[in-house]
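Thanks for asking me to look this one over. My notes follow as numbered points, so please keep the viewer open beside them.

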Amino acid sequence: MTRNRPAILVLAAGGGKVSSTQPFPPYSWRDTTDSCRAGRVGDLPAGSLTRIVRVLRGPLRILACHAALLVISALAGCRTATPPPVLDGDPPSIRFLLTFDDGPSIRSNPNPTLSIMNQFATNDVQPGIKGIFFVQTGHPRGGGTPKGREIMHRLAAAGQVLAIHSTSPRGHIDHTRVSTNTLVRELTAAKQLLRDIGGTEPLFVRPPFGSMNPVTQRLYSDLGLHVVLADIPARDGVIYGYNGSFRRRIHIRHCLEDLRAAVSPSPTGEPMTVIIGFHDVNPYTARHMTEYLHILVDEARKAGFRLPAKPFYDDPRDITEAALCRRVPPPPRTHLSPLGDRPTPQANLAPAPPGG
Ligand SMILES: [Zn+2]
């Protein structure tokens, strides 16, 4: 159990301001998918080949997308030839807060959500890890089913923190596209459901697609929900066709190197919280969760961070405290007493949604 009060990420320079409508840079999962969708086969010269191509347009587009991703993955590896920057001073200490969107999964043999939960309990990096699962409480193929509810019960019983992602029985719906009355009703029902399952008041929401506007932000606040985004999305949110990630280590390495270049050590010397965003409905993520734990620890050290004896949160009370410190918009400055007059992390760090 880690009882240290979480320190706050403070960017020395270069961070973008948090915006309720554009909280995405510097890490945006949408880059890959947008470029993939842009790769349309539509401007070939007329002829028989063109007709064949038109017939095969859908499958070809999928193949083209996957081929492009492989090429991008291979090329991206070139950046590993560049050594990480040499930084002066004491290295900052960080602790990872692992979060998951879009679950629970109701797949079987094995169930991805439960597989992650089990690896948290018994892995060889730090047994007993806890995280936040931002669930889809009404999804007709997830949290809205009896099996989905059972899995949420099992997560809560294991000490994992349940929070709200989507609430609609129509599934993964952008909150800004739902009427105010409907959203209030659904969020209220979602809170009641998670309260009944977990026995504690749900405090956190991560809106689908990270999409917010002043109206939805006001609703969250009125309902006692705090928005928590992610510092490093795993980019595992696109589950269409091939859902693996050849770049997982390189992507995490680059994100941690960028973060290391931007942060200063905590004034108190306590670990700063770095929020990682995964998707537990992704079977690939679930199969590789223990490997992800190793990657995070290895790459954090290589990037120049210090890690505490427990590099991952393992107590729901600590998780709640850390997530409250990292909510968006930031808490009043008086709440962040350890930092005095220094800028709050939320004022400088632009957290990114982990993939919608
Ligand atoms: Zn989502």
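1. A definition to start with: a residue is called buried if 20 or more other C-beta atoms lie within 10 Å of its own, exposed if 12 or fewer, and partly exposed in between, with C-beta atoms placed from the backbone. Helices (H or I, at least four residues) and strands (E, at least two) are DSSP runs, numbered from the N terminus.

2. Please bear in mind that this is a predicted model, where local features need pLDDT of at least 70, side-chain atom pairs count only at pLDDT 80 or more, and totals for chains, interfaces and linings use all residues. Residue numbers start from 1 along each chain as its sequence is written.

3. Now the overall picture. The protein chain has 12 helices and seven strands, and 43% of its 356 residues count as buried. Two residues are in contact if their C-beta atoms, placed from the backbone, lie within 7 Å. Among contacts between residues at least 6 apart in sequence, 82% join residues at least 24 apart.

4. Let us turn to strand 3 (residues 161–164), which is covered on both faces. V161 and A163 are buried on one side, and L162 and I164 are buried on the other. In a regular strand the side chains alternate between the two faces of the sheet.

5. Which strand pairs with strand 3 over four bridges? Strand 2 (residues 132–135) does, in the parallel sense; strands count as paired if DSSP finds at least two bridges between them. I132 sits opposite V161 of strand 3. Between strand 2 and strand 3 the chain passes through helix 5 (residues 146–157), giving a right-handed β-α-β crossover. Right-handed here refers to a path from the first strand over the helix to the second that runs clockwise, with the strands pointing away from the viewer.

6. Strand 2 is also buried on either side: I132 and F134 point one way, F133 and V135 the other. Strand 1 (residues 94–103) runs parallel to strand 2 and is joined to it by four bridges, with G103 partnering V135. Helix 4 (residues 112–122) carries the chain from strand 1 to strand 2, again in a right-handed β-α-β crossover.

7. Helix 4 deserves a look of its own. Its buried residues are P112, T113, L114, I116, M117, Q119 and F120. The elements covering them include strand 1, helix 5, helix 9 (283–287) and helix 10 (289–303).

8. Why is strand 7 (residues 272–279) described as largely enclosed by the rest of the structure? Because eight of its eight residues are buried. M272, V274, I276 and F278 point one way, while T273, I275, G277 and H279 point the other.

9. Eight bridges link it to strand 1, where F96 is the bridge partner of V274. Two bridges link strand 7 to strand 6 (residues 232–233), and P233 lies opposite G277.

10. Finally, D318 belongs to helix 11 (residues 316–325). D318 counts as buried because it has 21 C-beta neighbours inside 10 Å. K130 lies 188 residues from D318 in sequence, yet their C-alpha atoms are 9.9 Å apart.
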